[in-house]
Amino acid sequence: WVNGVGAHSIGNFVNSGNITAIANAVGNGDAVAKGVKAWEMGNFTNSGNIFVAANATDGNAEAYGVWANATIGNSIGNFDNSGSILATATATGNNTEVDAAGVRAGSIGSFTNSGSISASASATGGDAEVYADGVDVNYISSFTNNGSISASATGNYVEASGVNAEDSIGSFTNSGSISASASGNSTIVDGVYAGFSIGSFTNSGSISASASATGGDAEVYADGVDVNYISSFTNNGSISASATGNYVEASGVNAEDSIGSFTNSGSISASASGNSTIVDGVYAGFSIGSFTNSGSISASASATGGDAEAYGIRAGSIGNITNNGTIEVYAQSRFNNSTGNFTITSIGVFVRNSINSFNNEGIIRVNAFANGTTANLVNISAFGADLTNLGTFDNKGLIEVNVKSLYDNSTINAAALSVKNSSNATVTNTG
């Protein structure tokens with residue numbers, strides 16, 4: 001166990017120099033290294049360099065640039081980094097666990113980064129579990145980044161996140177770069193993750209997640225932003241997610257529950273390729289209160305010998321949608337010597353339960369494509385908007401749906417607008 005600086009508690013920490021902690025373990029021993037370790041810190045300020053490395057040949061490896069893990073109160077009151085924090089962890093043995101984080105804390109009151117925070121974890125042995133987080137906390141009250149935060153991981157079972165909050169983030173502002181990438185036999189990657197909620201989310205920078213897996217039964221998940229609930233979401237930057245593997249899911253923004261208000265004037269994109277794929281530009285499992293897009297939202301799903309699903313926007317219910325931008329969706333599957341039944345779904349806006357009003361003055365473009373040698377039956381569904389319990393729909397823009405299948409034995413269900421359970425709906429089209 002190696003610490004660059006170690007104490008039970010630190011009132012005020014200021015570093016403008018160099019702090020290095022390197023742990024090497026040979027044989028069955030574990031390697032643990034922490035650049036700055038304290039259960040709690042009042043204030044943390046770094047304009048220097050913190051470098052941490054943990055290397056194990058046949059044991060576990062853990063590396064943390066800054067570690068403060070008090071369970072009561074703020075582990076770090078105020079965190080300010082304008083320097084460099086780098087943590088790397090590697091292991092070569094079988095059945096090992098490797099963990100690296102630039103910053104790990106129970107909670108942080110105010111977090112500001114204008115420098116660089118990076119974590120890298122890798123393992124070459126079989127059945128290894130690998131975790132890498134740029135910032136890993138339970139709760140952050142206020143988060144501001146105009147620097148760079150990154151995480152990368154490789155191994156067998158792999159997880160990586162740029163920012164990981166197991167509970168919540170009060171307010172989130174990013175004008176810098178946040179990225180996460182991972183490759184392995186099974187991978188989960190998030191650019192930004194909050195297990196419960198984000199109060200206010202504002203992005204004018206870039207957030208990206210990239211995941212790949214090479215195992216035969218590999219499951220791969222990538223989300224640019226992954227959260228249960230967001231009260232207010234504003235993006236005029238770039239959010240992207242990409243994934244490749246066997247069973248693959250990717251989303252630009254994934255809210256398992258709800259989003260209060262959603263505004264996008266930037267770019268949100270998600271893409272996936274694999275045997276079976278599901279892709280969402282924006283997903284909310286329960287509801288979105290109000291949705292406004294003047295930027296671009298895209299979803300692309302490509303499958304080889306399996307189902308492909310792509311949705312620009314997918315939600316249980318939406319109060320009001322206004323689109324003045326572009327929503328583009330593409331789903332394709334290619335079959336080679338396949339004998340089963342397959343499904344291709346491509347939908348610009350899909351609302352499962354209810355929507356009050358939909359106004360489109362922008363572009364909604366949907367494409368679905370089936371190709372290959374043989375398949376028993378291919379079911380293709382393509383809709384510009386597929387809505388249930390619709391109030392009013394007003395289109396002054398362009399809604400375009402294109403479907404192509406090279407199979408005679410295909411069923412195609414396609415429409416620019418599909419409306420269900422909406423006997424009192426009002427639909428107006430001047431586009």
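Two residues count as being in contact, or touching, when heavy atoms lie within 4.5 Å of each other. Keep that in mind as you click around this predicted model.

**Stop one: aspartate 280**

Select aspartate 280, which belongs to strand E20 (residues 267-293). Show its surroundings and, leaving out residues up to four places away in sequence, you'll find it touching Ala250, Ser251, Gly252, Ala270, Ala299, Tyr311 and Arg314. Is aspartate 280 buried or exposed? Its relative accessibility is 5%, so it counts as buried.

Now stay with two of those neighbours, Tyr311 and Arg314. The charged end of arginine 314 sits over the ring of tyrosine 311, and the distance to the ring centre is 4.4 Å.

**Stop two: the nonpolar core**

Next, head for Phe44 and Phe79, the residues with the most contacts inside the largest nonpolar core, a set of 121 residues. Which strand gives this core its largest share? That's strand E19 (residues 238-264), with nine residues.

Zoom in on phenylalanine 44. Ignoring neighbours within four places in sequence, its contacts are Phe13, Val36, Ile50, Val66, Ile76, Asn78, Phe79, Asp80 and Ile85.

Then colour the strands around here. Strand E2 (residues 9-15) runs parallel to E5, and six bridges pair them.

**Stop three: the rings**

Show the aromatic side chains. The whole structure holds 14 aromatic pairs. For one of them, select tryptophan 39 and tryptophan 67: their ring centres are 5.0 Å apart and their planes meet at 75 degrees, which is over the 60-degree mark, so this pair is edge-to-face. The two come from distant parts of the chain, 28 residues apart. Tryptophan 39 is in the loop between strand E4 (31-37) and strand E5 (40-46), while tryptophan 67 is in strand E7 (residues 61-68).

Tryptophan 67, at 9%, is buried.

Now move to phenylalanine 172 and phenylalanine 201. What kind of ring pair do they make? With centres 4.8 Å apart and planes at 0 degrees, the pair is stacked. Phenylalanine 172 is in strand E14 (residues 157-174) and phenylalanine 201 in strand E16 (residues 186-203), so the pair ties together parts 29 residues apart in sequence. Both of these phenylalanines are buried.

You've already met Phe44 and Phe79 as the residues with the most contacts in the core.

**Last stop: asparagine 371**

Finish at asparagine 371, in strand E25 (residues 363-372). Which residues does asparagine 371 touch, not counting those up to four places away in sequence? They are Ser333, Arg334, Phe335, Leu406 and Tyr407. Its relative accessibility is 17%, under the 20% limit, so asparagine 371 counts as buried.

Definitions and conventions
Residues are numbered from 1 along each chain as its sequence is written. This is a predicted model: local features need pLDDT of at least 70, side-chain atom pairs count only at pLDDT 80 or more; totals for chains, interfaces and linings use all residues. Side-chain values use heavy atoms; hydrogens and water are left out. A nonpolar core is a set of buried Ala, Val, Leu, Ile, Met, Phe, Trp, Tyr and Cys residues joined through side-chain atoms within 4.5 Å. Buried means under 20% relative accessible area, exposed over 50%, partly exposed in between (1.4 Å probe, protein chains only). Helices (H or I, at least four residues) and strands (E, at least two) are DSSP runs, numbered from the N terminus. Rings of Phe, Tyr and Trp (its six-membered ring) pair if their centres lie within 6.5 Å; planes under 30 degrees apart count as stacked, over 60 as edge-to-face and the rest as tilted. A charge sits over a ring if NZ of Lys or CZ of Arg is within 6 Å of the ring centre and within 35 degrees of the ring normal. Two strands pair if DSSP finds at least two bridges between them.
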